[in-house]
Amino acid sequence: QVQLVESGGGLVQAGGSLRLSCAASGRTFSSYAMGWFRQAPGKEREFVARIRWSSGSTYYADSVKGRFTISRENVKKTVYLQMNSLKPEDTANYYCAVALAAGKGYDYWGQGTQVTVSS
């Protein structure tokens, strides 16, 4: 079992920045990748970014490329999402998730942290 706890959400003006954190814990922990997703009211959940745990390689949705940066800190088992140049359309509940193996989707999800960007 893996537990994920997100933090760092809040209210920010357009053009501002926030950094989200996702701390992972559990009796045993190994993962293939961790990702960030978001869901706005009335919309489906969408992929934001992911990072492969061993290599550190990253991948981003086109909508956030160049503005968001995903990173990890292995010792702390924590993944970060640095969000810059925020736009009102970035307003959503942001979730982190962990994939234990390649090609099988995400296995565990956090509870989410709310990000609100005012215009």
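Begin by selecting aspartate 90, which touches Arg38, Arg67, Phe68, Ser85, Val115 and Val117, not counting residues up to four places away in sequence. The model on display is a predicted one. Aspartate 90 sits in the loop between β8 (78-83) and β9 (92-99). Its relative accessibility is 1%, so aspartate 90 counts as buried.

**From aspartate 90 to arginine 67**

Display the side chain of aspartate 90 and look for its polar partners. The side chain reaches the backbone nitrogen of lysine 87 at 2.8 Å. A polar contact of 2.7 Å joins the side chain of aspartate 90 to the side chain of arginine 67.

Select arginine 67 next. This residue belongs to the loop between β6 (58-60) and β7 (68-73). Arginine 67 has a relative accessibility of 11% and therefore counts as buried, the limit for that class being under 20%. A polar atom of the arginine 67 side chain also lies 3.0 Å from the backbone oxygen of serine 85. With neighbours within four places in sequence left aside, the contacts of arginine 67 are Gln82, Met83, Asn84, Ser85, Leu86, Lys87 and Asp90.

**Serine 85**

Move along to serine 85, which lies in the loop between β8 and β9. Although serine 85 is not a glycine, its phi is positive, at about 50 degrees. Is serine 85 buried, exposed or partly exposed? With a relative accessible area of 42%, serine 85 is partly exposed.

**The open sheet**

Now show the strands as a cartoon. Four strands form an open sheet in the order β1-β3-β8-β7, with antiparallel pairing. Its edge strands are β1 (3-7) and β7, each of which pairs on one side only. From one strand to the next, the twist averages 15 degrees.

Select β8 within this sheet. Five of the six residues of β8 are buried, so this strand is largely enclosed by the rest of the structure. Towards β7, the antiparallel pairing consists of six bridges. To follow that pairing, select phenylalanine 68, whose bridge partner in β8 is methionine 83. Then select arginine 72, whose bridge partner in β8 is valine 79. Towards β3, β8 again pairs in the antiparallel sense, over six bridges. Here serine 21 stands opposite tyrosine 80 of β8.

Lysine 77 counts as partly exposed because its relative accessibility is 29%.

Return to the interior. In soluble globular proteins, nonpolar side chains tend to be buried together. In this model the largest nonpolar core has 29 residues, and those with the most contacts inside it are Trp36, Leu81, Met83 and Tyr94. Two or more residues of this core come from each of β3 (18-25), β4 (33-39), β5 (46-52), β7, β8, β9 and β11 (113-118).

Leaving aside neighbours within four places in sequence, leucine 81 is in contact with Leu18, Arg19, Leu20, Trp36, Val48, Ala49, Phe68, Thr69, Ile70 and Tyr94.

**The disulfide**

For the last stop, how many disulfides does a search of the whole structure find? The search finds one. Select cysteine 22 and cysteine 96, whose sulfur atoms are 1.9 Å apart in this disulfide. The pair links distant parts of the chain, with cysteine 22 in strand β3 and cysteine 96 in strand β9, 74 residues apart. The torsion about the S-S bond of cysteine 22 and cysteine 96 is about 55 degrees, so the disulfide is right-handed.

Colour both cysteines by accessibility to complete the view. Cysteine 22 has a relative accessibility of 0% and thus counts as buried. Cysteine 96 is likewise buried, with a relative accessible area of 1%.

How values were computed:
Residues numbered from 1 in each chain as written. Predicted model: local features only at pLDDT ≥ 70, side-chain atom pairs only at ≥ 80, totals over all residues. Heavy atoms only, no water. Buried < 20%, exposed > 50% of the residue type's maximum accessible area, 1.4 Å probe, protein only. Polar contact = N/O pair within 3.5 Å; in protein donor to acceptor, adjacent residues only side chain to side chain. Contact = heavy atoms within 4.5 Å. Core = buried A, V, L, I, M, F, W, Y, C linked by side-chain atoms within 4.5 Å. Disulfide = S-S within 2.5 Å. Pairing = 2+ DSSP bridges. Axes fitted to C-alpha atoms, helices over the stretch in contact; angles between N-to-C directions.
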